[in-house]
Every structure is written in structure tokens, then in C-alpha cells.
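Dear colleague,

I am handing over the structure below, together with an account of what was found in it.

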Amino acid sequence: MTSKYAKYIPTAIIIILAAALAAVLLFMYNQPAPQRGIAPNVDVAALEPDSSIWAQNYPNQGTTFAQTTSNNVRTTYGGSENFDKLAVDPNLTILFAGMPFSKGYTEDRGHGNALTDILETARVNEKTPGTCYSCKSANNPGLWTEMGMTAYDATPFADLGQHIDQTIGCANCHDAETMALVVTNPALEEALEAQGKDWRTFTRQEMRTVVCANCHVEYYFQGDGKYLTFPWEQGTQIQNIVAYYNEVGFKDWEYPETGIAMLKAQHPEYELFTAGSTHYAAGVSCADCHMPYTRDGAAKFSDHNVRSPLLQPEKACGACHTEVTYVVERVRTIQDQTNKAMLSAEAALVDSLTAIKAAAADPNANATLLDEARAMHRDAQMYWDFIAAENSMGFHNPEEALRILGEATDMARQAQLKAIQALTPPAQSGSN
Ligand code: HEC
Ligand code: HEC
Ligand code: HEC
Ligand code: HEC
């Protein structure tokens, strides 16, 4: 038997559901706004040099970035403890005789120390051009826009320093409004342009490598204005770079008692990595290994504590390699092999310098052979330095590193031989 109230049941259900819905909506409406990692809460001015202002909007990136001031851990061949390279490898004092690197050559450290380290290095003196600040400070993008790079580079180091109070920071890599990665260094912009490339058309993955090329490259100071220039006009491989320097006749210093016009490599990580390495060919970027994704609860962000990937291989390599222990062992083998080849090249270079010194001291030496020996030594030492100054001890491109060191050794031995021949009187033809 149905109740006389049965016909009211559907209506009652609707009323109850509506009330419940209203209560839920009211509850949701009264909740505080959800916390979002990326909700901007302060306005960051275009080219803002002070990273702490940006960091208010992006605490995870800001906190990990700040760790680069204190990530001073040493690895077998790298890491960020600023040990003295000259004490570890006495050959360097010989190979860099007559130039500032023979007085102060410390291992690089993290981005947070760049400004302190340039101010403390024994290589800076009253003749140092302002150009030396180019890869050390987040003030640069603003200064380049304000004064132009020509004026920036022509300003003496001490004078320019009055406008510089920030180490490397967000403004070196990001656009403040969009947070997109950007090329900030006019020298990189010009070097790409000279090759017919426009970084604004690059993919996001390409930018994750090119942004590092703002600084981790070979460069030189062109002319009296010390204009920052990347020697990429003929290409970015070592043979293109040496050919370019030989064509423009640039020298970093003259080696004492030999008359050799020498070249000093900077830190060509970008050039070595992009010279057809396995990882580059597979589309892997610098940021994949040096800024791996990290979790903070539900938020995923790029670790801005840029450092040796060997300090966190599970994150740095584990995203792509399941056998993390195996690939880390491979790094060790590659670095040991590179180091061995590097030391052989150094021995050949030291011998070549000794032979050229002897020939240069002898007024009767064959001038043509001596000049050939000098030219060959110049190239050989630059080839060696391209790998020695590069910071991965060959890992960024193992095959290329061994090729370059092999050629360096070969050229140094030929230079030595020519210098010895320059001192040997030619055999008397037809006599006995
Ligand atoms: C496949 C992973 C990988 C990629 C990609 C990669 N690196 Fe590295 N990088 C390494 C490893 C491994 C080392 C060696 C670290 C060590 O010896 O402690 C290293 C070393 C370095 C160092 C020296 C670090 C130190 O602690 O001494 C710098 C600087 C560097 N890389 C910059 C770059 C730049 C710039 C790029 C892109 C042009 C790049 N790397 C691409 C893995 C990578
Ligand atoms: C504005 C210039 C600049 C940019 C851009 C830059 N770096 Fe650096 N980087 C430096 C300088 C300068 C140092 C050395 C600082 C020191 O020794 O005080 C350094 C140090 C490092 C180190 C530590 C080196 C060591 O031996 O401990 C690593 C690793 C590194 N950079 C990787 C990268 C990667 C990867 C990128 C791109 C995502 C990048 N850097 C972008 C200028 C830059
Ligand atoms: C040496 C270059 C460099 C510096 C300096 C730098 N970043 Fe980044 N940042 C990157 C790279 C590379 C990525 C990855 C971008 C991508 O994948 O498109 C990134 C990504 C980001 C992102 C996007 C989300 C994420 O984590 O992937 C934010 C936000 C960010 N950075 C904030 C900052 C802030 C804030 C600072 C200064 C405290 C800063 N960055 C300094 C290179 C840099
Ligand atoms: C974004 C993905 C990615 C990351 C991150 C990555 N790799 Fe790789 N790695 C690759 C790919 C792709 C190859 C090529 C695979 C192949 O051809 O078998 C490769 C190849 C290698 C090889 C073999 C190369 C050779 O020619 O012998 C070694 C060694 C290696 N990786 C080490 C590392 C180390 C160490 C790390 C961390 C510092 C790392 N990789 C990070 C993707 C990655």
C-alpha cells in the first residue's frame, strides 16, 4: 500500500539536494584562494638586476638558485670548490708563462659566486677592461641596453664596477614579463646573426642550451675598444675557431723567449657539446643534466642550483637512463681517458717550448723553420687548451675531445721537430 505522502518524495529529494549544493557552494566560496606556485605577487621591472625581487614570485627557483653560492663540493675532475689548478698541474705554470693565468687559475664555482670571484682573482689589474664583467653579473642586460655594448666594453673595469652590484641572476637568462629564456648577451646575438641564425625562432629545447651560450663559450676582446666577440664566423668547431684567429691575426699574449703569438681558450662548453656529441645529436640540452626537474609537493620545477650533475645523478641522468650507476662509471672512464690524453699533449707542448726557446736564442737558426715551429705551437696549444679549459674533462663530447687532444699532441711534436731542425745545419750535399 502506498502512503498518501508518496507523491511528495521526488520534490523533497530535489529540495534536499538543492540545499546540499547551496551549502557546498557557500563553503567553497568562503575558502581562501588556492596557493599557486606561479601566481605573480610583485611586479618585476624589465631587466631587473636584483634576483631577490624575482624570487618573491618564484620561491622554488629563487631558493635553489641561492644555493649556488654555497655548493662548493669537489668532484674527481670538477665540482665547485675553488682549488688552485696550478698546484694540481704544474705544467700549467710553464704553458701559461708570461700571462696572468700562470699567477692565478682557480677552478670555477657556482653562479652565486661569479662576482666575488672576478673581484678576487689575481688576474684582474689596472689594465683589465670592463668587458671582463660580461659573464659575471645580472646588471649587464640593463647596462647593455642603457649604454650599448661598445661603450660598456670601452669602460675600464674599475669604473664599470661602480654600476655593478649583482652576481649572475634571473635577468641573465629570463625575460621578466614572460619568463621565457632569452639571449641577453649582444655578442651571442651578433655571433648567431653572422651565421644567419635568429634565436627568436629556436625551439624551447634549443633555448635550454643556447641560454648557457650567453657565457659558456670561447670569446675574445676585439681591438682597442675590447669589443666582446665570439670567433664563430667560420663555424664553432676548434679548427674553425683557430682558422678565424689566424686570419684576423689575434694573439692573447706573446710567450717569453720564443716569440710565439699565443692563444688562450676561455670555457668552450657550448662549442664542444654542440660539435656532434651523442647527447646533442639526441636532442638533450644543457638544462636536462644541469637543471633537472625537481618536485616540491605537487609543483615540478627546474633545479636552479646549477652544478656538477655527478652530485645528483639520480635526478640528472636518471630521467633518461635507468642504469644510473653504469652511466656514472662511464663518466669516470671517459674523464680518465681524456685526462691521460691531455697530459700527453702537455708533455709534447712543454718539449716543443723548450726546443723553440733554444732555436730562438740562436742567431744562426733557420728562420723559416723556426717560424713554422712557432705557428704550429700556437695552434697545438690552442687545441689542447680547448679541452683543458673546457669544464667537463671530455664528458660533453668524448670522441671530439680525444680527436682534438690527439691533433694537439701531433702538432706539438711537429713543432718540436721543426725547432730542432732549425738548429741543425743542413747536410752538405754531394760531400762525403
Ligand atoms: C648529458 C649530460 C650533460 C649535458 C647535456 C651537459 N653537461 Fe655539462 N657536465 C656534465 C657532466 C657529467 C660534467 C662533469 C662534472 C664533474 O666532473 O663533476 C659536466 C660538467 C660541466 C661543467 C663544469 C662543472 C663542474 O662542476 O666542474 C660546466 C660549466 C658545464 N658542464 C656546462 C654545460 C653546458 C653549458 C652545457 C650545454 C652546452 C652542458 N654542460 C651540457 C653533464 C652534462
Ligand atoms: C651570465 C653568464 C652565465 C650564464 C648565462 C650561465 N653561466 Fe654557468 N657560469 C658562469 C660563470 C662566470 C661561472 C663561474 C663562476 C665562478 O667561478 O665564480 C659559471 C659556473 C657554472 C657551473 C659551475 C662550474 C664549476 O666548475 O663549478 C656550471 C655547472 C654552470 N655554470 C653551468 C651553466 C649552465 C648549464 C648554464 C645554462 C643553463 C649556465 N651555466 C649559464 C656564467 C654563466
Ligand atoms: C643560467 C640561466 C638561468 C638563471 C640565472 C635563472 N634561470 Fe630560471 N630557468 C632557466 C632554464 C634553463 C629553465 C627551464 C626553462 C624551460 O624549460 O623552458 C628555467 C625555468 C624557470 C622557470 C619556469 C619553471 C621551471 O622551474 O622550469 C621559472 C619560474 C624560473 N626559471 C625562475 C627563475 C628565477 C626566479 C631566477 C632567479 C632567481 C632564475 N629563474 C634564474 C635558466 C635560468
Ligand atoms: C634528456 C635525456 C638524457 C639525460 C638527462 C642524460 N642522457 Fe645520456 N643519453 C641520452 C641519449 C638519448 C643517449 C643516446 C642513446 C643511445 O644512442 O643509445 C645517451 C647516451 C649516453 C651515454 C653513451 C654515449 C656514448 O656514446 O657512449 C652515456 C655514457 C651517457 N648517456 C651518460 C649520461 C650521464 C652520465 C648523464 C647524467 C649526467 C646523462 N647521460 C643524462 C639521453 C640522456
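**Helix packing**

Helices α17 and α19 run roughly parallel to each other, because the angle between them falls under 35 degrees. Please bear in mind throughout that this is a predicted model. The angle at which α17 and α19 pack is about 15 degrees, and their axes lie 8 Å apart. The crossing in which α17 passes α19 is left-handed, and the residues of the contact between these two helices divide into 21 nonpolar, seven polar and two charged.

Helix α19, which covers residues 398–423, also packs with helix α18, residues 367–388, at an angle of about 160 degrees and with the axes 8 Å apart. That angle makes α18 roughly antiparallel to α19, because it is over 145 degrees. Here, too, the crossing is left-handed, as computed for α18 and α19, while the contact of α18 with α19 is made up of 18 nonpolar, three polar and four charged residues.

**Surroundings of the ligands**

Around ligand 2 there are 28 residues, of which S80, D108, D117, C212 and C215 come nearest. Helix α6 (114–120) and helix α15 each supply at least two residues of this shell, and the largest share, three residues, comes from α15. By class, the shell around ligand 2 divides into 11 nonpolar, 11 polar and six charged residues.

Ligand 3 is surrounded by 23 residues, and the closest of them are Q61, C170, C173, F301 and S302. Two or more residues of the shell around ligand 3 come from each of α2 (51–57), α3 (59–66), α11 (204–210) and the strand β6 (299–302). The shell around ligand 3 holds 13 nonpolar, eight polar and two charged residues.

For ligand 4 the shell counts 17 residues, with A282, P309, C317, C320 and R330 nearest to the ligand. The elements that give two or more residues to the shell around ligand 4 are α14 (278–281), α15 (286–290), α16 (313–316) and α17 (324–361). Which of these helices gives the largest share of the shell around ligand 4? That share, four residues, comes from α17, and the shell as a whole divides into 12 nonpolar, three polar and two charged residues.

**Two residues to look at**

K357 is found in helix α17, the helix that also packs with α19. Is K357 buried, exposed or partly exposed? K357 counts as partly exposed, because it has 16 C-beta neighbours inside 10 Å, whereas a buried residue would need 20 or more and an exposed one 12 or fewer. Not counting residues up to four places away in sequence, K357 touches E257 and T258. K357 and E257 are 100 residues apart in sequence, and their C-alpha atoms are 5.9 Å apart in space.

F273 has its place in helix α13, residues 269–274. F273 is buried, because 24 other C-beta atoms lie within 10 Å and the cut-off is 20 or more. Leaving aside neighbours within four places in sequence, F273 is in contact with Y280, H396 and N397. A319 is 46 residues from F273 along the chain, and the C-alpha atoms of F273 and A319 are separated by 19 Å.

With kind regards

Note on methods: Residues are numbered from 1 along each chain as its sequence is written. Chains are lettered from A and ligands numbered from 1 in the order in which they are written. This is a predicted model: local features need pLDDT of at least 70, side-chain atom pairs count only at pLDDT 80 or more; totals for chains, interfaces and linings use all residues. A residue is near a molecule or strand if its C-beta atom, placed from the backbone, lies within 6 Å of it. Ala, Val, Leu, Ile, Met, Phe, Trp, Tyr, Cys and Pro count as nonpolar, Asp, Glu, Lys and Arg as charged, and the others, Gly among them, as polar. Axes are lines fitted to C-alpha atoms, for helices over the stretch in contact, and angles run from 0 to 180 degrees between N-to-C directions. Angles under 35 degrees count as roughly parallel, over 145 as roughly antiparallel, 65 to 115 as roughly perpendicular and the rest as oblique. A crossing is left-handed if the near helix is turned anticlockwise from the far one by less than a right angle, and right-handed if clockwise. Two residues are in contact if their C-beta atoms, placed from the backbone, lie within 7 Å.
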